[in-house]
Amino acid sequence: MKSWFYGLQPRERFIVGGGGVLALILALWLGVLRPLHNETVDLRDAVATKQRLLLNLGRVEGSRLGGTTATKQEDAPTLYVLVSNTAQQHGLTLPRTRPDGTDGINVTFQNASFDALLGWLVSLETEHAVAVESASFSTARQPGLVNGQLFLRRS
């Protein structure tokens, strides 16, 4: 094989070598990178579906209870205290929280369990009438953990 290759003209060796490199790149793409990409897309779709299901479950549970689980505004703790206490109950640490008026709060979290975070948000919505007004999530280095920011508002 080696003698055959070196018996070729320099231009032919270049073409055969280039074809070999292209074949190797194609095999790497089809055998490794494409399946990894497809699996990543499938996992992102599954996470999005589970998020929608969990939020719908929270809405159904809240409507089933008739929305009477929220406490009266005058008896309720401040939104900052409520968010901090309920986050701790769900095993979440919030490195930064910044009140925004009397009925809003900006929350930043890092390496939070996605499942615990959603459970906490459903609890805030159904038990305390605190809704998510805006949210921004990004994946953390470990599976199941997320980073992000939330803007919560008491209704």
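User: Which exposed residues sit on the face of H3 turned away from its buried side?

Analyst: That face carries Gln88 and Gln89. Exposed means over 50% relative accessible area, buried means under 20%, and partly exposed is in between (1.4 Å probe, protein chains only).

User: Where do these numbers come from?

Analyst: This is a predicted model: local features need pLDDT of at least 70, side-chain atom pairs count only at pLDDT 80 or more, and totals for chains, interfaces and linings use all residues. Residues are numbered from 1 along each chain as its sequence is written, and side-chain values use heavy atoms, with hydrogens and water left out.

User: OK, back to H3. Which of its residues are buried?

Analyst: H3 covers residues 79-89, and its buried residues are Leu79, Leu82, Val83, Thr86 and Ala87. Seen down the helix axis, they fall within an arc of 120 degrees, so they line one face of H3. The arc is taken from the directions from the helix axis to the C-beta atoms.

User: What do those buried residues pack against?

Analyst: They pack against strand E2 (104-113), helix H4 (114-128), strand E3 (130-139) and strand E4 (145-154). Contact here means heavy atoms within 4.5 Å.

User: And what comes just after H3?

Analyst: Gly91, with a positive phi of about 80 degrees.

User: Zoom out. How many helices and strands are there?

Analyst: The chain has four helices and four strands. From the N terminus, the order is α-α-α-β-β-α-β-β. Helices (H or I, at least four residues) and strands (E, at least two) are DSSP runs, numbered from the N terminus.

User: How much of the chain is buried?

Analyst: Of the 155 residues, 25% count as buried. The accessible surface comes to about 10,900 Å², and 58% of that belongs to carbon and sulfur atoms. Accessible areas come from the Shrake-Rupley method with a 1.4 Å probe; for residues, only the protein chains shown count as cover.

User: New topic: the strands. What does E4 pair with?

Analyst: E4 pairs with E2 in the antiparallel sense over eight bridges. E3 and E4 also pair in the antiparallel sense, over nine bridges. Two strands count as paired if DSSP finds at least two bridges between them.

User: Which residues in E4 stand opposite Phe109 and Ser134?

Analyst: Phe109 stands opposite Gly148. Ser134 stands opposite Phe151.

User: Is E4 mostly covered or mostly open?

Analyst: Mostly covered: seven of its 10 residues are buried.

User: What does Arg153 touch?

Analyst: Asp100, Asp103, Gly104, Ala129, Val130, Ala131 and Glu133, not counting residues up to four places away in sequence. Arg153 and Ala131 are 22 residues apart in sequence, but 5.4 Å apart in space, C-alpha to C-alpha.

User: And the turn between E3 and E4?

Analyst: That hairpin has five residues between the strands, and Gly144 takes a positive phi near 90 degrees.

User: Which residues other than glycine have a positive phi?

Analyst: Asn111 is one of them, with phi near 50 degrees. Asn111 is in strand E2. Ala129 is another, at about 55 degrees. Ala129 is in the loop between H4 and E3 and counts as buried, at 17% relative accessibility. Most residues other than glycine have a negative phi.

User: What about Asn106?

Analyst: Asn106 is in strand E2. Leaving aside neighbours within four places in sequence, Asn106 contacts Arg96, Thr97, Arg98, Asp100, Leu150 and Phe151. Asn106 and Leu152 are 46 residues apart along the chain, with C-alpha atoms 6.5 Å apart.

User: And Ser123, buried or exposed?

Analyst: Buried, at 8% relative accessibility. Ser123 is in helix H4. Beyond four places in sequence, Ser123 is in contact with His90 and His128.

User: Last one. Which residues make the nonpolar surface patch?

Analyst: Leu26, Leu28, Trp29, Leu30, Val32, Leu33 and Leu36 make a patch of about 650 Å². Patch residues have over 30% relative accessible area and no salt bridge; like charges are joined within 9 Å, nonpolar side chains (Val, Leu, Ile, Met, Phe, Trp, Tyr) within 5 Å. A salt bridge is a side-chain nitrogen of Lys or Arg within 4 Å of a carboxyl oxygen of Asp or Glu.

User: Where is Leu26?

Analyst: In helix H2, residues 10-64. Leu26 counts as partly exposed, at 48% relative accessibility.
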